[in-house]
Amino acid sequence: MITNVFGARCIGIRAIPVTVEVDMTAGIGIHLTGLADMAVRESLLRTISALQFLGYRIPGKKIVINLAPADIKKKGSGYDLAIATGIIAVSGQEYLPGLSGYLMMGELGLDGAVRKVPGALPIVEMAAEMGFKGCILPEESAMEAMEYSPLPVFGVKTLSEVMQIVSGMECGHLLVRNLDVQHQDVRHQDDDADFADFADIYGQEGAKRGLETAAAGGHNVIMIGPPGSGKSSLAKAIRSIMPEMGDEEALQTSKIYSVAGKGGSAAGLMRKRPFRSPHHSTSLPALLGGGTEFILPGEVSLAHNGILFIDEFLEMPRKTMEALRGPMEDRKVTISRLKARVEYPASFMLVAATNPCPCGYYGEGNRCRCSPGKREAYLARLSGPLADRMDIHLWIHPADNRKILRREKGEPSREIAGRVYAAKEIQKKRFAGEDIFCNAEMDSRLLGKYCRLAPDTENFLVRLTEKAGYSARACTRILKLARTIADLEEARDISVRHISEAAGYRFLDKSLQMF
């Protein structure tokens with residue numbers, strides 16, 4: 001007699017079904033097949049101990065457990081539940097009529113406790129598409145699906161609760177929507193004390209305007225300025241003006257965190273936009289994602305629909321820095337290995353900060369000790385293709401000390417956030433059904449549809465492009481930025497004024513001799 005129990009394996013942010021086939025015949029021993037890694041193979045010891053602890057017997061016969069499809073590697077401890085229930089069912093110790101209708105994943109403790117596993121959201125999504133009756137997951141993992149439940153999701157703490165569900169007993173109290181959830185409002189929220197308010201940053205009105213525009217349209221920013229000029233504070237303050245993610249954005253980002261095992265223990269989808277700030281010495285796999293046959297998302301994907309802040313940007317290794325070019329343009333990252341190929345979304349807003357020269361003080365009186373050659377070589381680390389992908393270039397000068405001493409506060413973040421939210425709502429309606437969420441994600445087709453210019457505005461842009469020598473990519477990014485500036489003013493058409501402001505942010509396209 002063969003018993004089938006259904007699990008899953010995540011590849012990228014999608015899940016594929018895995019069937020745990022359990023057969024019991026004459027003989028001795030428990031045998032596991034199906035390209036299982038060490039964590040899966042160790043599950044036999046965990047499962048046997050858990051079953052014995054709960055009073056089940058281990059049949060004195062030959063048990064063969066196959067994880068199908070057998071040509072795909074299985075990783076992790078999430079198959080413990082399926083293996084344990086399969087052994088119980090095939091040995092006839094419990095009558096489990098509902099076993100084939102559920103997809104289950106979970107790690108077993110030696111006492112029968114069920115522990116968290118990654119990838120809950122893609123697993124629930126796949127189970128709904130395949131028509132399963134429901135999903136059985138560890139309670140902590142099931143909470144990730146609190147706001148996304150196309151089918152019943154059960155959150156369990158012990159193997160005994162799993163037995164109740166698959167035996168057909170009334171288990172409505174185990175449904176994820178009925179769980180006693182505490183601290184639901186703290187999921188994925190960073191420490192508010194680390195959030196800077198624009199009102200607490202003195203001066204820098206020009207930079208604040210540029211960052212407001214970037215936040216409204218999802219545009220990439222590079223800030224250049226001496227140490228202590230406020231670049232890091234400005235970058236952290238962007239979080240205070242970013243609106244929460246909508247349902248579709250929240251689902252995409254939450255799936256990435258779920259697969260990465262960073263789903264958290266509170267309920268529901270991520271709502272606050274992620275803010276990732278890797279050190280400039282971070283490795284290439286950590287930035288883009290990596291692994292061998294089990295590829296995890298990197299910082300560019302963990303920042304999906306949010307902000308990727310890199311301080312001391314020009315101190316990054318050249319290879320790592322240039323690797324950002326693909327995700328910045330394609331809004332996704334594809335990682336290929338000999339036996340695996342995974343694609344992760346990576347639509348992030350890059351905020352880069354750097355000094356203008358090795359000593360850091362060029363442009364601030366006579367403090368710079370670098371030669372012109374050193375200054376030029378330092379900024380030349382930012383290649384032309386990478387600078388092309390930066391929509392907004394900001395030169396940050398130190399704030400006037402008199403404003404700091406007088407504590408002359410500027411406009412608070414909540415007021416700026418209101419304008420950003422209004423511009424985001426315009427873009428939400430504009431791109432409904434287009435599978436994008438902001439102006440920075442527009443392709444050439446959408447540019448032609450939503451960035452049409454009046455003849456005089458088009459002539460102005462042509463003359464400006466010819467005079468400044470902008471590339472085709474820079475020209476399209478000026479258009480996208482102008483569209484965002486118009487959205488902030490709730491203007492229907494892009495005017496000469498919007499084009500002029502957008503082009504004014506691109507000083508790095510000019511000769512480096514000015515530095």
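Visitor: In strand β9, which residues point one way and which the other way?

Guide: Strand β9 covers residues 153-156, and all of them are buried; buried means under 20% relative accessible area, exposed over 50% and partly exposed in between, with a 1.4 Å probe and protein chains only. In a regular strand the side chains alternate between the two faces of the sheet. Here F154 and V156 point one way, and the other way point V153 and G155.

Visitor: What should I know about the model before going on?

Guide: It is a predicted model, where local features need pLDDT of at least 70 and side-chain atom pairs count only at pLDDT 80 or more, while totals for chains, interfaces and linings use all residues. Residues are numbered from 1 along each chain as its sequence is written, and side-chain values use heavy atoms, with hydrogens and water left out.

Visitor: How many helices and strands are there in the chain?

Guide: Helices (H or I, at least four residues) and strands (E, at least two) are DSSP runs, numbered from the N terminus. The chain has 515 residues, of which 55% count as buried, and its C-alpha trace spans about 85 × 50 × 45 Å along its principal axes. The count for the chain is 21 helices and 18 strands.

Visitor: Which residue of β4 stands opposite L32?

Guide: Strand β4 (residues 62-68) has five of its seven residues buried, so the rest of the structure largely encloses it. It pairs with β2 (residues 14-25) in the antiparallel sense over seven bridges, and with β3 (residues 30-33) in the parallel sense over four. M24 has I63 as its bridge partner in β4, while L32 stands opposite I65.

Visitor: Which strands stand at the edges of the open sheet of five strands?

Guide: The order in this sheet is β11-β14-β17-β10-β18, with parallel pairing. Two of its strands each have a single partner strand, so one side of each is left without a neighbour in the sheet. These edge strands are β11 (275-276) and β18 (392-395).

Visitor: Is N220 buried or exposed?

Guide: N220 lies in the loop between α7 (205-217) and β10. Leaving aside neighbours within four places in sequence, N220 is in contact (heavy atoms within 4.5 Å) with residues including M328, F348, R389 and R477. Its relative accessible area is 1%, so N220 is buried.

Visitor: How far apart are the end C-alpha atoms of helix α20?

Guide: The expected span of a helix is 1.5 Å times one less than its number of residues. For the 17 residues of α20 (residues 472-488) that should be 24 Å, which agrees with the model. Since 14 of the 17 residues are buried, α20 is largely enclosed by the rest of the structure. The end C-alpha atoms are 25 Å apart.

Visitor: With which residues is E125 in contact, leaving aside its neighbours within four places in sequence?

Guide: E125 lies in helix α4 (residues 120-129). With a relative accessible area of 18%, E125 is buried. Its contacts beyond those neighbours are Y148 and K255.

Visitor: What separates the C-alpha atoms of K409 and R430?

Guide: K409 is in the loop between α16 (401-405) and α17 (413-430). Not counting residues up to four places away in sequence, K409 touches A199, D200 and Y202. K409 and R430 are 21 residues apart along the chain, and their C-alpha atoms are separated by 35 Å.

Terms used
Two strands pair if DSSP finds at least two bridges between them.
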